[in-house]
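Hi everyone, thanks for coming.

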Amino acid sequence: TIHIKMCIRDSFHPDYLKVMKNFKVYRYMGAFNTNNSTFKTWSDRTTPTYFNQTGGNKGCGLAYEWACIFSNRTNTNMWFNVPHAADNDAIRKMAQLVYRNLNPDLDIYLEYSNETWNTAGPYYQQFAYTQNYPGGHAALSRNTFRIWREVFGKDSLRVKRVLASIGVSDINHISWGRIQQT
């Protein structure tokens, strides 16, 4: 137990901790390797003792326990991106783990996957998955939100739902019109 406590205490560089304390929210999308994630079932997740916390088990990135520890240490709210192909059991276990381990004074900004509307290279896997699911991104997001809210119960207002999309401005339309004319 002493070894584990020392490991946790000394896991983050003091200068990094000092800088991160200036932020209110930390988005773990990159740390969890959300884009093109191979995560489907709970057994795919990276455990806290896995030797590589950047690539993680099956490329799934940082262990969720370490994310909770980091948010607790820096007193930053957690922005949690759920991998696009995670099954309901895995989504429920993610929520349970965060509920048990994250400081109850901190909130969770919960987002289903990342840029599921984007057809560009690193996002195409998410795009294709949501396009082939009845109800697409909205249905998958609603399902994720429902599970987390059930797990958090009376504390469900800590879970802030993030429903990302893309918007196009008139400038984009004008630029696209010019491209089509050439």
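**A walk through the model**

Let's begin with helix H3, which is mostly covered: 9 of its 11 residues are buried. Buried here means under 20% relative accessible area, while exposed means over 50% and partly exposed lies in between, with a 1.4 Å probe and protein chains only. Helices (H or I, at least four residues) and strands (E, at least two) are DSSP runs, numbered from the N terminus.

A word on where this comes from: it is a predicted model, in which local features need pLDDT of at least 70 and side-chain atom pairs count only at pLDDT 80 or more, whereas totals for chains, interfaces and linings use all residues. Residues are numbered from 1 along each chain as its sequence is written, and side-chain values use heavy atoms, with hydrogens and water left out.

Back to H3. Its buried residues are Tyr64, Glu65, Trp66, Ala67, Cys68, Ile69, Phe70, Ser71 and Thr74. Just after H3 comes asparagine 75, with a positive phi of about 55 degrees.

Now for the sheet. Four strands form an open sheet in the order S1-S2-S3-S4, with parallel pairing. Strand S1 (25–27) and strand S4 (159–162) are at the edges; each has a single partner strand, so one side of each is left without a neighbour in the sheet. From one strand to the next, the twist averages 25 degrees. Two strands pair if DSSP finds at least two bridges between them, and S1 and S2 pair in the parallel sense over 3 bridges. If you want a spot to look at, tyrosine 26 stands opposite methionine 78 in S2.

Helix H4 packs on this sheet, touching S2 and S3, and its direction makes about 170 degrees with that of S2. Contact means heavy atoms within 4.5 Å. For the angles, axes are lines fitted to C-alpha atoms, for helices over the stretch in contact, and values run from 0 to 180 degrees between N-to-C directions.

H4 is also the place of aspartate 89. Is aspartate 89 buried or partly exposed? It is partly exposed, because its relative accessible area is 40%.

What about the inside? In soluble globular proteins, nonpolar side chains tend to be buried together. A nonpolar core is a set of buried Ala, Val, Leu, Ile, Met, Phe, Trp, Tyr and Cys residues joined through side-chain atoms within 4.5 Å. The largest one here has 37 residues, and Phe80, Met94, Val98 and Trp148 touch the most other members. Elements that each supply at least two residues of this core include helix H2 (14–20), strand S2 (77–82) and helix H6 (136–152). Leaving aside neighbours within four places in sequence, the contacts of phenylalanine 80 include Phe32, Met94, Val98, Leu110 and Trp148.

Next, the cysteines. How many disulfides are there? Counting pairs of cysteine sulfur atoms within 2.5 Å, we get 0 disulfides. Cysteine 60 counts as buried because its relative accessibility is 3%, and cysteine 68 because its value is 1%.

Last stop: the loop between S1 and H3, where we find asparagine 33 and asparagine 36. Asparagine 33 has a positive phi near 50 degrees, and at 25% relative accessibility it counts as partly exposed. Asparagine 36 has a positive phi of about 60 degrees, although it is not a glycine. With a relative accessible area of 30%, asparagine 36 is partly exposed.
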